[in-house]
Amino acid sequence: MARIELGGVPRGAAIVLCDAGALERDAAGFMNGLAEHGYESVAVDLSPTGGDPTGTTDRDLVSDVAVLLGRLGERGWSPVQVGLVGYGFGGRTALLATAEFALGAAVSIAPSGVADAWSDALPPLTQVARHVRTPWLGLFGQQDPGAPADVLARLGSYLGGSPAHTEVVTYPGVARDFYRDARETLAHVASFDAWQRTIEWLDRRVVPRPTPLAAEWQRRVASAARA
Amino acid sequence: MSEYIEVDQEIPRFRVNRKVMTDPAVFAVERERIFDHSWLYIGHETELAKPNDYVTRTVAGRPLIFARDAQGKVKVWVNSCPHRGAMLCREPKGNARFMTCFYHGWSFNNSGEVVSIPDDAGYGAGFERPGLAAPAKVGSYRGFVFVSFDPDIVDLPTYLAGAKEYLDLVSDQSQVGMRVLPGTHEYSVKANWKLLTENSYDGYHLVSTHQRYLEMITAAHGKADISFASNSIAVNLGGGHAVMAGTPASGAALGRPLSEEAKHEKAEHFERLRQTHGDAWVERMGGTRNLVIFPNLVVIDLVMGVLIRRIEPVTPDYMEVSAWQLVPPEEGEELHRQRLDNFLTFWGPGGLASPDDVEALETCQRSYAAQRELPWSDISRGMHTPHKGMNGEYQMRTWWRRWHELVTGEALPEEPQAPLPDFFAGQRQRPASATAEAK
């Protein structure tokens with residue numbers, strides 16, 4: 001697990017759920033990117049150690065997210081001030097967690113196990129995704145064999161009936177690792193757009209922490225309303 | 001008598017001076033005396049399906065955000081940053097709990113409160129952090145949401161007067177609540193906004209202006225039957241609102257024939273409604289209605305669909321029009337398909353009806369250049385009789401009387417209207433529980 005704490009008054013908090021085994025490779029880049037937009041963050045890889053999923057269940061993954069939310073809570077972040085950003089295996093976890101927690105926002109980037117089971121204990125996401133309570137954005141590569149168009153259409157339609165707003169975006173001509181920048185034009189565009197959408201999704205929904213002066217102003221307004 | 005409208009009860013005659021369609025001074029007075037003091041439609045609650053959904057609209061020239069906040073309440077805000085004025089939302093629709101001004105980065109939540117000012121220490125502790133501005137009033141009736149910029153205006157139900165009954169007739173067509181379908185027809189007309197208001201419940205133009213549509217319908221039905229016109233009526237609903245209403249025969253004659261499957265489904269649906277609302281109300285529901293709620297909202301329940309049309313005046317000779325389709329969501333696939341087909345091919349800006357109307361109105365506007373030689377438009381049809389039919393112009397005179405009262409302060413003489421035929425007086429059956437309570 002990695003953690004970035006910002007000085008001053010951070011805009012919000014984020015939990016970065018890395019893809020299986022990719023924490024060391026990815027975490028610093030993602031967290032620095034979030035920090036540039038004012039987000040304090042923690043990054044973790046919740047996938048089974050050594051890649052062996054035996055015994056790991058979706059319930060375990062959601063419980064682990066609860067623990068991370070508790071850690072952020074100790075630093076004064078309420079759930080609506082937290083965004084989830086998950087990649088691959090972490091993207092799966094992020095979607096599952098949105099059914100349990102009313103957070104500020106969640107983004108799943110190329111989530112794993114959408115159409116096919118990850119293991120016996122981790123069935124296809126389409127079978128276990130439930131109505132979400134947190135606004136959820138799903139980003140997919142069109143050439144991801146694990147997320148064919150018809151399956152995504154079903155997922156998007158099902159989640160569209162959720163109490164929270166959801167969107168599914170598919171990038172044409174790119175594989176499931178589209179979020180990593182590359183020289184090839186479509187991959188570069190997809191990478192750029194995916195990051196832009198992720199930040200905008202968070203900025204539009206994660207409740208910001210007020211600055212001391214803003215908090216003072218809010219106290220004055222509340223006091224005047226009571227008087 | 002003003003310079004704008006001339007009424008002669010003896011002839012009888014009702015004429016509107018064409019100057020009111022072209023004069024910028026009249027347009028400015030309309031803005032101030034009508035649009036600043038009326039309830040104006042902004043949208044339907046079902047367009048905001050989820051918390052944090054929003055759409056942007058222009059109402060009476062003001063850019064507004066029509067939103068559902070994080071708690072699910074409908075809100076309307078002025079789409080302008082209170083700091084320096086840039087638009088907060090520059091998209092027609094979306095979902096966001098916070099809106100951030102792209103100019104200096106001030107953020108607001110959809111409850112209207114400022115939540116973030118970059119480097120707010122630069123303002124000091126005493127600075128009053130402003131929230132979003134809002135219209136003076138927001139009100140809703142059966143999901144139709146209106147705003148008013150007049151803090152002293154009467155409440156919305158009082159303002160709607162008899163128009164409420166016709167919104168009920170439309171809204172009761174679903175047992176789970178009528179919903180606006182995603183998608184908007186948007187088009188503009190190079191004509192004064194009042195011309196489309198008149199046109200929206202003008203029955204007299206049907207045969208001549210929409211001749212090609214009627215020929216198509218005649219071919220589809222195998223015969224022409226416009227006898228329904230004699231059973232249709234125009235009704236003054238108070239407050240400048242009026243309706244042109246028809247019996248079920250009107251809809252049957254004007255719409256394309258339904259498939260057997262659709263007919264069956266519709267009959268079953270209406271039978272269920274009959275159980276809930278009673279025979280008289282559902283019989284009326286099966287009829288047609290072209291309703292104009294003063295000044296610029298049109299609700300047309302005709303030709304297999306319910307159209308909501310909002311007319312936005314831009315200049316004396318230019319208007320923008322938005323239209324939505326209101327549907328019972330429990331409707332089956334076949335009826336829904338035919339409804340959508342009608343919405344597109346009859347009401348759509350490229351459909352079989354609207355372009356005819358646009359052409360007519362734009363030629364009217366162009367010809368008003370000769371208003372010195374031909375200053376008056378005549379709206380007298382049917383004035384000589386208390387029996388107000390759809391081919392008369394009583395509904396328009398009703399609108400013009402209200403317009404005249406607001407613009408000039410002078411009330412024009414009313415004209416008698418015969419009692420409503422029984423069919424149009426039918427009321428909704430009271431639920432059994434309500435009857436029991438009344439005893």
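Tutor: Let's start with a term: a salt bridge is a side-chain nitrogen of Lys or Arg within 4 Å of a carboxyl oxygen of Asp or Glu. By that rule, 40 salt bridges turn up over all chains. This is a predicted model, where local features need pLDDT of at least 70 and side-chain atom pairs count only at pLDDT 80 or more, while totals for chains, interfaces and linings use all residues. Residues are numbered from 1 along each chain as its sequence is written, chains are lettered from A and ligands numbered from 1 in the order in which they are written, and side-chain values use heavy atoms, with hydrogens and water left out.

Student: Which residue forms a salt bridge with B:Asp168?

Tutor: That's B:Arg428, with the closest N and O atoms 3.7 Å apart. B:Arg428 sits in the loop between α13 (422–425) and α14 (432–438) of chain B and B:Asp168 in helix α3 (residues 163–171) of chain B, so the pair ties together parts that are 260 residues apart in sequence. Helices (H or I, at least four residues) and strands (E, at least two) are DSSP runs, numbered from the N terminus.

Student: How do I read the interface of chain B and chain A?

Tutor: Start with contact, meaning heavy atoms within 4.5 Å. Here 18 residues of chain B are in contact with 19 residues of chain A. Next comes buried area, the accessible area (1.4 Å probe) that two parts lose on being put together, summed over both. For this pair of chains it is about 1600 Å², and carbon and sulfur atoms give 50% of that. B:Lys50, B:Asn95 and B:Phe98 supply 35% of the area that chain B buries against chain A, more than any other three residues.

Student: How many salt bridges does the rule find across that interface?

Tutor: It finds 1 salt bridge. B:Glu91 forms a salt bridge with A:Arg204, where the closest N and O atoms are 3.1 Å apart.

Student: Now the sheets. How do strands of a sheet pair?

Tutor: Through backbone hydrogen bonds, either parallel or antiparallel. The cut-off here is that two strands pair if DSSP finds at least two bridges between them. In chain B, 3 strands form an open sheet in the order β3-β12-β11, with antiparallel pairing. Its edge strands are β3 (40–44) and β11 (137–141), each pairing on one side only. Between β11(B) and β12 (residues 144–148) there are 5 bridges, and B:Lys137 stands opposite B:Ser148 in β12(B).

Student: What is the strand order in the open sheet of 4 strands?

Tutor: The order is β6-β5-β4-β7 (chain B), again paired antiparallel. The edges are β6 (74–78) and β7 (93–95) of chain B. Further in, 6 bridges join β4 (residues 53–59) to β5 (residues 62–68) of chain B, with B:Tyr54 opposite B:Ala67 in β5(B).

Student: What should I know about backbone angles?

Tutor: Most residues other than glycine have a negative phi, and most peptide bonds are trans. B:Asn52 has a positive phi of about 80 degrees although it is not a glycine, and B:Asn52 lies in the loop between β3 and β4 of chain B.

Student: Where are cis peptide bonds found?

Tutor: One joins B:Ile11 and B:Pro12, with omega about -10 degrees. B:Pro12 is in the loop between β1 (5–8) and β2 (13–17) of chain B. Another runs from B:Phe294 to B:Pro295, with omega near 5 degrees, and B:Pro295 is in the loop between β17 (288–293) and β18 (297–301) of chain B.
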